[in-house]
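Visitor: I would like to learn how to read salt bridges in a protein model. Please take me through a case.

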Amino acid sequence: MQPKMVMSTKKVILTLFLGLLAVSANGQIHRELDSLAAVMKELEVESRKSKVESDKSKGESVDFALADVWRRYAFTAGKAGLTEEAQTYALQAQQVFLDHGEYGMASLCLYERCIAYHSIGDTAHMAQLLGELEQLAARDTSALTQYNYYAIRFAYLAAVEADVDAITEAGRNSIAAVERIPDFRKYAIMPVWLYYNQALMYDLRYSPPLTDSIDKYLTLAQASAMTEPALLSRQEAMVSIGDERAWLLYYNKEYARAEAQMQEVLGLLDSVEAHGSHATVITERGEAYTFFVELYTAQGRYDRALEYQQLLTENNKERYSLDRQRVLDEVQTRYEVEKKELTIAHQRTAILFLVIAAALVLIAVLAALIALSNRKRRIEEELYAKALEVETMRNVEPLEVLRNHLLSQIKQPLYREAIGMVDMDRFRQSLLPAEGLSNMDKRYLLCFAAGLTPEQVAEIFHVEPASVYTVRYRIKKKFPSKNAFF
């Protein structure tokens with residue numbers, strides 16, 4: 001198990017990732033929960049029986065096995081969106097492991113509890129559990145406990161945008177710990193993502209990127225990926241490594257090699273799609289298309305940049321459709337799990353109410369998603385048409401025209417007023433130190449100059465806040481020194 005960091009246009013979300021325990025289809029999650037619940041019931045009966053018989057040795061063995069099932073059930077429940085239930089069972093398992101002196105397994109429970117909170121952006125609870133992990137790591141120096149502590153510390157510090165030296169130190173410590181675990185696959189650890197995360201940190205958190213360090217950890221990640229027994233896991237890792245390698249070549253202005261590297265990534269994605277998740281592939285393709293737009297723009301090959309911008313727009317439409325279906329599937333999953341729990345409890349009246357309520361929720365969600373889909377489609381078509389017009393002008397659009405064009409797209413009066421009040425003479429002077437700013441960069445900078453937050457900028461451009469943070473990182477690298485925008 002390891003955190004997989006995703007923090008840029010080439011990696012769209014920041015999340016903890018368990019290599020062996022990827023998100024399952026809804027039906028598979030149900031089957032896993034049913035199977036684990038049946039085993040849990042049998043072990044609970046055995047545990048009570050051993051206590052009645054005063055068989056201490058057997059009781060400890062059964063309790064340990066039961067705790068491990070609780071832990072696995074908790075993680076599966078977390079995948080089904082049952083965060084509270086997942087935390088309850090994981091805490092029970094953690095206490096049993098602590099009572100038996102199994103500190104490594106107890107740290108594993110804490111790790112997985114952090115995963116659940118990290119996935120919903122709850123850094124407050126994550127910090128609390130990290131404190132418990134730190135105390136446990138001070139008590140137990142085993143490689144597994146040290147790894148779980150530093151891996152979570154790395155992810156937490158990155159999530160709260162802490163000092164970059166503290167983040168990379170935690171990353172190095174997690175790598176050193178995992179290299180001391182001889183049977184790391186037993187715990188579903190994939191070291192490739194530790195190396196990859198570290199490379200990504202040296203890219204996204206340093207300006208300019210530390211290319212030597214990026215190359216070092218990408219080389220280690222590639223070597224680790226080649227040892228993965230599962231073809232799909234190996235290919236998925238090579239996609240991410242190849243993606244970052246292309247950006248590294250881009251930074252070094254080796255444009256031809258960067259282009260060839262990303263084309264190789266697209267070829268790998270075709271293979272991954274044949275065996276894996278289409279939802280994952282469509283995200284990675286979007287990241288590759290974004291790379292090509294930036295690469296060709298930097299080279300002045302605007303016809304090719306527009307070609308990939310169109311592919312990116314179409315890809316985003318399909319991705320939005322998949323996200324909509326995922327939301328409906330999650331609602332359906334939660335409904336089915338709750339319905340089953342109520343059936344077991346013989347709460348027939350409550351079940352009937354839940355069915356009606358869930359149906360209404362599904363109808364409301366579906367109606368809202370259809371409305372949002374139609375609205376997003378119209379906006380994307382308008383934005384793409386305007387993007388074609390802007391790019392045709394080959395980046396010679398005056399700043400005043402650019403601002404008026406941006407204002408015409410903004411519906412929120414407060415945002416329009418803020419951008420309208422920007423001192424354009426001062427703004428023009430502020431842009432002089434930068435190199436290679438595109439018109440889209442200048443639109444974002446206008447918003448930053450107006451004092452808008454990343455969340456407000458995301459609302460204007462109809463993107464996720466994480467994408468705005470990524471754009472800000474990319475633009476910042478085009479300025480030789482600190483400036484008024486950042």
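Predicted model: local features only at pLDDT ≥ 70, side-chain atom pairs only at ≥ 80, totals over all residues.

Guide: Start with Arg 71, which makes a salt bridge with Glu 112; their closest N and O atoms are 2.7 Å apart. The two residues link distant parts of the chain, since Arg 71 sits in helix α2 and Glu 112 in helix α4 (residues 103-119), 41 residues apart.

Visitor: Is Glu 112 buried or exposed?

Guide: Buried means under 20% relative accessible area. Glu 112 has 8%, so Glu 112 is buried. Arg 71, at 13%, also counts as buried.

Visitor: Where does the salt bridge of Asp 270 and Arg 285 lie?

Guide: The closest N and O atoms of Asp 270 and Arg 285 are 2.6 Å apart. Asp 270 is in helix α11 (residues 255-275) and Arg 285 in helix α12 (residues 278-299), so the pair ties together parts 15 residues apart in sequence. Asp 270 is partly exposed, at 46%, whereas Arg 285 is buried, at 13%.

Visitor: How many salt bridges does a search of the whole structure find?

Guide: The search finds 14. The protein chain itself has 20 helices and 2 strands, and 48% of its 486 residues count as buried.

Notes:
Residues numbered from 1 in each chain as written. Heavy atoms only, no water. Helix = DSSP H or I, 4+ residues; strand = E, 2+ residues; numbered from the N terminus. Buried < 20%, exposed > 50% of the residue type's maximum accessible area, 1.4 Å probe, protein only. Salt bridge = Lys/Arg side-chain N within 4 Å of Asp/Glu carboxyl O.
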